[in-house]
Each structure stands twice: as C-alpha cells, then as structure tokens.
Amino acid sequence: MTTCLFDLDGVLTQTALVHNAAWKETFDAYLSRRAAAEGTPFVPFDSGSDYLKYVDGRQRADGVRTFLASRGILLPEGTPDDDVDAETVNGIGNRKNVLVLQYIAEGKVQVYPGSVTYLHAVRDAGMRTAVVSASANCQDVLRAAGIEDLLEERVDGVVARAEGLPGKPAPDTFLAAAKRLGVDPANAAVFEDALAGVEAGRAGGFGFVVGVDRVGHADALRAHGADIVVSDLAELLDGGEPR
Ligand SMILES: O=P(O)(O)OC[C@H]1O[C@@H](O)[C@H](O)[C@@H](O)[C@@H]1O
C-alpha cells in the first residue's frame, strides 16, 4: 500500500457527532411540525440507527432525501440556494447547515489524537495522503482542526458538486482522489467510519478498506465491505510505524 485515503467526519475529526446533533435538531423540528399538521404521531429522528443507515457519509441532500424516504416522505428537491424555511430537500439541508456552521464557529471541532499520530506516521513513512469527505464544510473543519497541511489532496462535497461526482456509497469521490494523486486504487487504503463509506471503498476496488468503529457497529462495517475494523487508527501502528 502506498496511499491512504481518509474520510473526515468520524475518522480524522470528532465531527460526526456535530453533524448528528445538527441533523437531529433539524429533522425533529420538521417531523414534529409535520405530525402536528397531519394529526399523526411524532416519531423522532434516531441518532443511532437513522443516522448510521440513512445520513452518515452521504452528501447533504442525499442524506435528507434518503432519511425522509425511509419515513415515506417525498419532497421536491429545490435548489442549493433555497431559503432555510423552504419545504424542500435543499431547504432542510440548508437549515441543518446553519447549525453546523454555528457549531464550527463555537469551536466544537475536535480531532481524534490517534488519527493525527497515524497521519504523521504514514507521511513519515513516505505514503501519500488525501481526505475524501461528503461534507461541503470539509476545508473549514480541517482548518479548525489544524490538520489541513497533513493531506495532499481534498475531494469533498464542494469538489463533488463542481465535478458532478456522485457521493458515497458510489466510489467516485475516492477514485477521483486516487487519480489526483496518480495512484492505482489497488495500492490505496480507504479509512471510513460510515457504512456508505466502506461500501464506496469496496465498490472502487481499493487495496484495503479499514472500518473505523466509534459507535459499536463493527459487524455492520464488515458486512458493508470493511476488511478490518479498528476503534482507533493508533491501533494500526507498530512501534510508531504503520503496519
Ligand atoms: O452538510 P455537509 O457539511 O456538507 O456534510 C454532509 C455529510 O458529510 C459527511 O461526512 C457526514 O458523515 C454527514 O453527517 C454529513 O451530513
């Protein structure tokens, strides 16, 4: 293996928790309003199963659409500049992003220390590195975390939109990162905490898919394509060097 392709939220930084909290607040407000208007029971967003199955690792609009579909709700797509009050896929996504930006500004971005140690180790070993994230806030999060310089390439939600790349579980964003680095996917390892992300790594024919389990879903990560599962990237070091 010559190359490491890292997901961001939940792998390098503890921001899966930030996204999850913003999604819960946004979806619960929407679902409770809708339930009241329709006279049906309010079933809140489940930060465990709903987040992991329908939202984690997916581009913002894909997450809204996929979760609402699981509740039998189909909304118009709208456009990315929809108002936060618009009852559209993009409007709901924009509402969630206001919260994410607020959390980033409040300093809620934390790294996983084991991941930073691992990043330094693979770079010291001469390996190539890139971050591959569904998030359009990837660069801001990398900066807030102080790790932007440790990654040679960035393929994120902004790049995917500009280049028309489908998001995870499609492999296209990981393949684009490998191409930018000029490496064969067979020589690259993918590091992912999301089910959609390990699926993308498997679908892209990457040499190795490392599942990173922060929430106790190791079996699901394996079932969706992880070759091994660790709970911290530091487990992959042997005497300070990547195994
Ligand atoms: O809304 P953003 O910042 O573009 O992020 C999109 C998605 O990015 C992924 O990395 C996260 O796992 C998701 O929770 C998030 O929804």
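User: How many residues surround the ligand, and which are the closest?
Analyst: 19 residues surround the ligand. The closest are His19, Arg60, Ala134, Ser135 and Ala136. A residue is near a molecule if its C-beta atom, placed from the backbone, lies within 6 Å of it. This is a predicted model: local features need pLDDT of at least 70, side-chain atom pairs count only at pLDDT 80 or more, and totals for chains, interfaces and linings use all residues. Residues are numbered from 1 along each chain as its sequence is written.

User: Which elements give two or more residues to that shell?
Analyst: Helix H1 (16-38), helix H3 (60-70) and helix H4 (89-105). Helices (H or I, at least four residues) and strands (E, at least two) are DSSP runs, numbered from the N terminus.

User: What is the shell's make-up by class?
Analyst: The shell has 7 nonpolar, 9 polar and 3 charged residues. Ala, Val, Leu, Ile, Met, Phe, Trp, Tyr, Cys and Pro count as nonpolar, Asp, Glu, Lys and Arg as charged, and the others, Gly among them, as polar.

User: Where does the ligand lie relative to the domains?
Analyst: The ligand lies between domain 1 (3-15 + 109-242) and domain 2 (16-105), because both give residues to the shell around it. The domain bounds come from an automatic or database domain assignment.

User: How many residues of each domain are in contact?
Analyst: 22 residues of domain 1 are in contact with 13 residues of domain 2. Contact means C-beta atoms, placed from the backbone, within 7 Å. On the domain 1 side, helix H6 (138-145), helix H7 (157-163) and helix H9 (195-203) each supply at least two residues.

User: New topic. Which residues have the most contacts inside the largest nonpolar core?
Analyst: Leu5, Phe6, Val131, Phe174, Ala189, Val190 and Phe191. That core has 59 residues. A nonpolar core is a set of buried Ala, Val, Leu, Ile, Met, Phe, Trp, Tyr and Cys residues joined through C-beta atoms within 7 Å. Buried means 20 or more other C-beta atoms within 10 Å of the residue's own; exposed means 12 or fewer, and partly exposed is in between.

User: What does Phe174 touch?
Analyst: Leu5, Val132, Val190, Ala200, Gly201, Gly204 and Phe206, not counting residues up to four places away in sequence.

User: And strand E1, which way do its residues point?
Analyst: In E1 (residues 3-6), Thr3 and Leu5 point one way, Cys4 and Phe6 the other. All are buried.

User: In what sense does E1 pair with E2?
Analyst: Parallel, over 4 bridges, with E2 spanning residues 128-132. Strands pair if DSSP finds at least two bridges between them. Thr3 stands opposite Arg128 in E2.

Methods: Contact = placed C-beta atoms within 7 Å.
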